[in-house]
Amino acid sequence: MQRLSFALSRHVLLRKRILASCKRPAAFMSTLLINQPQYAWLKDLGLKEENEGVYNGIWGGRGEIVTTYCPANAEPIASVRQASLEDYEETIKKAKEAWKIWADVPAPKRGEIVRQIGDALRKKIKDLGSLVSLEMGKIFIEGVGEVQEYIDICDYAVGLSRMIGGLVLPSERPGHALIEQWNPVGLVGIITAFNFPVAVYGWNNAIAMICGNACLWKGAPTTSLISVAVTKIVAKVLEDNKVPGAVCSLICGGADIGTAMARDERVDLLSFTGSTKVGKQVALMVQERFGRSLLELGGNNAIVVFEDADLNLVIPSALFAAVGTAGQRCTTARRLFLHESIHDEVVEKLAKAYAQIRIGNPLDSTTLYGPLHTKEAVTMFLDAVEQAKQQGGSVVYGGKVLNRPGNYVEPAIVTGLPHNASIVHTETFAPILYVLKFKTEEEGFAWNNEVKQGLSSSIFTRDLGRIFRWLGPKGSDCGVVNVNIPTSGAEIGGAFGGEKHTGGGRESGSDSWKLYMRRSTCTINYTKDLPLAQGIKFQ
């Protein structure tokens, strides 16, 4: 799940449309999609022509006005007034004050409020999913699914709110108790990407809240309407429970706001989802102040298919992993390694499957593949296809821009490249699948691991020994290691994240809650004596 808004990078080139003044011509207003009857549901989400992009208990914003555009037709949807640095300073002070109140709320009660957030999202799931399709560009079923992930993590967090606990350890000193105490870190800054503008915030927000933290969210500028709509839903729940709204603050903005968050010692944990390039900059800024960061960065993911694989599983898996969300997932399959004995058969079947993809308006329920998010993404796609050709690859399917409104491209299949070609080792955030032949298990495993990223990986095989070698110390070096399923998709019960240049962070399930808390080792002497450790005595 991921690419961020934080600064210009290869993966994210923001298309900000800034108006010269607050007073815009009536002709422009009339062209906004929000004013067209078929998009009346946008107003049901509390959106209007110009929206305030700062929430800290009250709505405001004194920065630039940014208009977001629908990637399916390049038409303006509505605008959001971004935060100024003065708004940021005001909001972070309010968030820190709100934390003092929130931290005193018992964890199960915090869980009850998170449960209500999940229920509020359920009531708006179709409208919010539609907004994800309209503003981000993913198909409707994926947009709804993304909101469902937030709902699911709320449910998960409710249970977790009654289960967080530390160890009670045996003390070597008589009359002493040795325990671990977990406390919230304080304020969690959450910077999310355009491609999962709801789910990634949800993963962080629900867990951070039940742990007792306040949250400060900066979404991608190109999906600001989604950030505003989600925050309106969350804010209503907080207000109904008489909880300070600044517990879940919103600060829409660009690189200046993101940089401020990374450098601010008052942000106790910064969760950043985005490209490896920008993530490295963020990590250095946070580390410079000895802060804590949770990084979810790039993924150049591979599927390795052996000669004994069930091709009835392989074809749909590779198709979904490569073209789902138009190739704009962090877990998208970008490399497909096929055993030489089945290479030609799989390529032929996969090309036929690609030809059956229903491309169209992401809000249409029959569409399986929508547009890229921005015009800049289309340019990146074309550049990568051209580089692949120059490095010896053959485009056996797609690779062209579609002649229609919006940011539509044909998903590409490229064969014939060596496994170590520079373009194969480059994560282009677009629907390009590089298909390569391999001979041995050792080769397939090694090629999977040779890229700098280490997010998701899959093999297809029936060999039980090979499966456990793949899962073992000499197998995949990724954080997500799959067998007979695609690289994309994850369950909330498992920790999500990767190794190496993917950042090493973990979100969602398992024990990832610990990242949102600080641990204290506590020793309690309940006697009148003072025995020292290791038998040391001072007479």
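Are Phe 337 and Trp 447 buried or exposed? Phe 337 is buried, and Trp 447 is buried too. This is a predicted model.

1. Aromatic pairs. The structure holds 12 of them. One is formed by Phe 337 and Trp 447, with an edge-to-face arrangement.

2. Aromatic cluster. Four residues make up one cluster: Phe 306, Phe 438, Phe 445 and Trp 470.

3. Charges over rings. Lys 232 places its charged end over the ring of Trp 59, 4.4 Å from the ring's centre. Arg 404 lies over the face of Tyr 408, and the distance to that ring centre is 4.4 Å.

4. Sheet order. An open sheet is built from seven strands, ordered S16-S17-S18-S15-S14-S20-S21. Its pairing is mixed. Strands S16 (394-397) and S21 (480-483) are at the edges. Each has a single partner strand, so one side of each lacks a neighbour in the sheet. From one strand to the next, the twist averages 25°.

5. The S20 and S21 pairing. Strand S20 (residues 456-460) pairs with S21 in the parallel sense, over four bridges. Ser 458 stands opposite Asn 482 in S21.

6. Helix on the sheet. Helix H15 (residues 464-471) lies across strands S14 (301-305), S20 and S21. Helix H15 runs at about 175° to S21.

Technical notes
Residues numbered from 1 in each chain as written. Predicted model: local features only at pLDDT ≥ 70, side-chain atom pairs only at ≥ 80, totals over all residues. Heavy atoms only, no water. Phe/Tyr/Trp six-rings, centres within 6.5 Å; stacked < 30°, edge-to-face > 60°. Buried < 20%, exposed > 50% of the residue type's maximum accessible area, 1.4 Å probe, protein only. Lys NZ or Arg CZ within 6 Å of the ring centre and 35° of its normal. Pairing = 2+ DSSP bridges. Helix = DSSP H or I, 4+ residues; strand = E, 2+ residues; numbered from the N terminus. Axes fitted to C-alpha atoms, helices over the stretch in contact; angles between N-to-C directions. Contact = heavy atoms within 4.5 Å.
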